[in-house]
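Hello,

Here is the structure we talked about handing over. Please open it and keep it beside this email while you read.

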Amino acid sequence: MTEDATTQVAPTGRRRPSIGIAPGIGLLLVGVVLAWLMVNLVKTPSGFFSIFLDGLTLGLVYGLVALGYSLVYGILELINFAHGDIFMLGSWISLSVMVHRFGLGNSNSVGKLIPALLVTMLAAMLFCALLNTFTERIAYRPLRNAPRLAPLITAIGMSFIFQNVGLNRLGPAPVSVPNILSHNAVFTIGGHEYRWYQLMVGLTTLPVLTLLVYLVQKTKQGKAMRAVAQDQDAAAMMGINVNRTISFTFFIAGSLAGVAGLLYAIYTTNIQFDQGFTLGLIAFTAAVLGGIGNLPGAVLGAILIGLIQQFNEGLSWAAPGSDWTQSIVFSILILILVFRPEGLLGERTPEGG
């Protein structure tokens, strides 16, 4: 009896599964990373937990942007490069409302802070949602049946347009944002204080994810979104308004960018006109890592990317450092696209990628 190149035949006739080269390399890399993390945990446990919490918080911010990418790509299979710059403009409008309009500063009373932040969030969501919907209407819809390259180039063009709007509004230098939220500790883990402004990110992201999953899975509009994602022509034959559904998807994705813009401004206390380009690409990498089109997967991928970034920049033993962060993140994107394009949670694109 001959043996196959990839499997061995046992005496009983059963085939013994063997690990392919690509999965084997992937498992090896995961093992090396886990060993590196364990060494750092043993050497500096307090610093490790501190970096872990920072990475978790940063990943949740990335998650809000990644959700917008995942929604749009799941329906149109379009990488909306302008999404990151709309997120940047969300930070700008948040700064304008909460600082210039309401006058929030480094110390605010609760009675003034909560209403001002709620109004700021609604303003940022509405502004970014309308801007994203407007972009789809004038830039993407006329090219919906054009070759794939045309809407992709248009998306890049819209990204540069919004980036220059941000340059005009914010200027070339980073703009400081006051410490709107309290920096007092909520709790302490391993000697590290987890502060209120960090907790605000988690308290916002997780309910947004829950509501979004409910919208897509349980509502009539969500069913229309899923139908359009599977087959636009069949959805139209069943009476679904395809254009309206796609516009609604861009509206929701834009509102997520607005929330992310506000949280990013509060968390980093520093915004600039080109923040959306790099962060947008990182968020798209997170969406691909978790599973493009899978909403919980987008947040999972974002959290992993946030942890990878903070571990790389903050750990003391054998960490490559901040100069290598973008190279590592985009290497992950390439590896995922090559070896597991459906992402960690296995959600395949309509083309089966």
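**Confidence**

Please remember that this is a predicted model. The protein chain has an average pLDDT of 86. A score of at least 70 is reached by 91% of the residues. Among the elements, helix α3 (residues 82-101) has the highest mean pLDDT, at 95. Strand β1 (residues 8-9) has the lowest, at 46.

Two stretches call for a note. Over residues 1-11 the pLDDT stays under 50. The model still gives that stretch 14 contacts beyond four places in sequence. Residues 349-353 also have a pLDDT below 50. There the model has 10 contacts beyond near neighbours in sequence.

**Helix pairs**

Two packed helices are described by the angle between their axes and the distance between the axes.

Start with α3 and α9. Their axes are 7 Å apart and the packing angle is about 55°. The two helices are therefore oblique to each other. α3 passes α9 in a right-handed crossing. On the α3 side, the contact is made by H83, I86, F87, G90, S91, S94 and M98. On the α9 side, A253, A257, A260, G261, L262, Y264, A265 and I266 take part. By class, these residues divide into 10 nonpolar, five polar and no charged.

Next come helix α4 (residues 110-140) and helix α5 (residues 149-170). Their axes come within 11 Å and cross at roughly 135°. That angle makes α4 oblique to α5. The crossing of α4 past α5 is right-handed. From α4, the contact uses L131, T135, A139 and Y140. From α5, it uses P151, T154, A155, M158 and F162. Seven of the residues in this contact are nonpolar, two are polar and none is charged.

The last pair is helix α6 (residues 196-218) and helix α7 (residues 220-230). Here the axes come within 5 Å and cross at roughly 75°. α6 and α7 are therefore roughly perpendicular to each other. L215, V216, Q217 and K218 of α6 meet K220, G222, K223, M225 and R226 of α7. The class count for this contact is three nonpolar, two polar and four charged.

**Buried residues in helices**

Which residues does Y69 touch, beyond those up to four places away in sequence? The list is N80, F81, H83, G84, G280, L281, A283 and F284. Y69 itself is found in helix α2 (residues 45-76). Its relative accessible area is 4%, so Y69 is buried. A253 lies 184 residues from Y69 along the chain, yet their C-alpha atoms are separated by 7.3 Å. A253 is also one of the α9 residues in the contact with α3. H83, touched by Y69, is on the α3 side of that contact.

T249 is in helix α9 (residues 242-268). Is T249 buried or exposed? T249 counts as buried because its relative accessibility is 1%. Leaving aside neighbours within four places in sequence, T249 is in contact with L71, V72, I75 and M225. M225 also belongs to the α7 side of the contact with α6.

Q198 has its place in helix α6. With a relative accessibility of 3%, Q198 counts as buried. L181 is 17 residues from Q198 along the chain, and their C-alpha atoms are separated by 9.2 Å.

**Two loop residues**

Where does E77 sit? E77 is found in the loop between α2 and α3. Its phi is near 55°, a positive value in a residue other than glycine. E77 counts as buried, because its relative accessibility is 18% and the cut-off for buried is under 20%.

T269 lies in the loop between α9 and β6 (270-271). Phi of T269 is near 50°, again a positive value in a residue other than glycine.

**Where to begin**

I would open the α3 and α9 contact, with H83 and A253 among its residues.

Best wishes

How values were computed. Residues numbered from 1 in each chain as written. Predicted model: local features only at pLDDT ≥ 70, side-chain atom pairs only at ≥ 80, totals over all residues. Heavy atoms only, no water. Axes fitted to C-alpha atoms, helices over the stretch in contact; angles between N-to-C directions. Helix = DSSP H or I, 4+ residues; strand = E, 2+ residues; numbered from the N terminus. Parallel < 35°, antiparallel > 145°, perpendicular 65-115°, else oblique. Left-handed = near helix turned anticlockwise from the far one by under 90°. Contact = heavy atoms within 4.5 Å. Nonpolar A, V, L, I, M, F, W, Y, C, P; charged D, E, K, R; others polar. Buried < 20%, exposed > 50% of the residue type's maximum accessible area, 1.4 Å probe, protein only. pLDDT = per-residue confidence, 0-100.
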